[in-house]
Amino acid sequence: MILYPNCKINLGLRVIRKRPDGYHDLETVFVPIYGLHDELEVVINDEMSAATPLNDGLIFRQEGIAVDCPAEDNLIVKCYHLFKAKYPQIGAVVVRFKKNIPFGAGLGGGSSDAAHMAIALNELFELGLTKEELAAEVKPLGADCPFFIYNTPCYAEGIGDQLTPIDLDLNGIRIVLIKPNEGVSTREAYSGIKPYPIPSLKERALGDLGSLGDLDIFINDFEATVFPLHPQIAAIKKRLLDAGAFYASMSGSGSTVFGLFKNDAEGSTDANLRALKQQFATMILLDDTFGEWKA
C-alpha cells in the first residue's frame, strides 16, 4: 500500500512549564497540511528478498531528501520494530520511502512518517487497532505522532499528545510555506525559552475558531528565542505580513514560516505574492489553497 505522510503547522505554540522528565508542557493548535507530503510504500514480503534486511524482516529503501541519521534511527524503522515486538503476526515488509518534507523544519515530517507506518502495519496485518489505540502505540516514538493518526485540526496540550479535535474552516484560505536555508535545532530553540504558566489559547481554540478572527493571540513562544539568533527567519515573517497575510508565524520550533492569505477581488494578494515568490523562489515549499478537510 502507498500512503502520503503529510506535514503540519502550528497556530500558536505556548510553552507552559518544564516537566521533571525534561520535556515541556505546551499548548498549540495543530493543523494538517496535505499539500506537502512524503511518500511511503509498504509491501508485505512473502518471499524474503535477496537484499539484506536491517533486521526482523524489514527492507528499507529511501529516496528524496537525504536524512541526517542512519537508517536504523529513522522513525519508520523504529515504528516497525516497536510494532513487531508487540504484534508477532507482523511479517517481513519492503518499505520504499521518499522524503519531500524537510527535516528539522518544524513541520513534523518524521512524526508523520512514523504514524503512517503504524497505519500501514495495522491495515496490512489486520491488527484491528482503533485510532485511539494506534495513537497510544506511536506516542513513544514522538510527541507529535498521535496527532498524525487523527490528522485533523486539533487543540493539543501536555507535551503535544493530549488532543481535542476542533472545528476549523480554512476552506479557500491560501497558505504559503517558506523554509530558509538555515535550520534551528530543538535544543537551540528551547535554550532561551521562558515558560508562560497560564494557558491562553484553549478557550479560543475550543470556542469559535472557525471564523479565524483574532488570531493575534496565537503566539509562538519560540519566535522570541529564535528571531534574534536568525534574523532571516524574522524577515520572512515580516515579508509575509507585508504581502498581505492576515496571519504569519513560525511553525513549531522552526525554521519554516507560513502565511495565511484571503483572496481579494482586486487581485492585490496575487500581485504581492508574485513579488514575494520571486524574492524567496528557492525557499518556498508550498503555495496552495485549503480545500475540504478529509477525515
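User: Before we start, what does "buried" mean here?

Analyst: A residue is buried when its relative accessible area is under 20%. One thing to keep in mind is that this is a predicted model.

User: Got it. How much of the chain is buried, then?

Analyst: Of the 295 residues in the chain, 49% are buried.

User: And what's it built from, in helices and strands?

Analyst: The chain has nine helices and twelve strands. Its radius of gyration is 20 Å, close to the 19 Å that the globule rule gives for 295 residues, so the chain is as compact as a globular protein of that length.

User: What does the C-alpha trace span along its principal axes?

Analyst: About 60 × 40 × 35 Å.

User: Let's zoom in on helix 2. Where does it sit in the chain, and how many residues does it have?

Analyst: Helix 2 covers residues 109-124, which is 16 residues. From first C-alpha to last it reaches 22 Å, close to the 22 Å expected.

User: Is that helix largely enclosed or largely open?

Analyst: Largely enclosed by the rest of the structure, because twelve of its 16 residues are buried. Among them are G109, D113, H116, M117 and L121.

User: What happens just after it?

Analyst: E126 takes a positive phi there, of about 50°.

User: Switching topic: what's the accessible surface of the chain?

Analyst: It comes to about 13,300 Å², and carbon and sulfur atoms account for 51% of that.

How values were computed
Residues are numbered from 1 along each chain as its sequence is written. This is a predicted model: local features need pLDDT of at least 70, side-chain atom pairs count only at pLDDT 80 or more; totals for chains, interfaces and linings use all residues. Side-chain values use heavy atoms; hydrogens and water are left out. Helices (H or I, at least four residues) and strands (E, at least two) are DSSP runs, numbered from the N terminus. The expected span of a helix is 1.5 Å times one less than its number of residues. Buried means under 20% relative accessible area, exposed over 50%, partly exposed in between (1.4 Å probe, protein chains only). The radius of gyration is taken over C-alpha atoms; the globule rule is 2.2 Å times the number of residues to the power 0.38. Accessible areas come from the Shrake-Rupley method with a 1.4 Å probe; for residues, only the protein chains shown count as cover.
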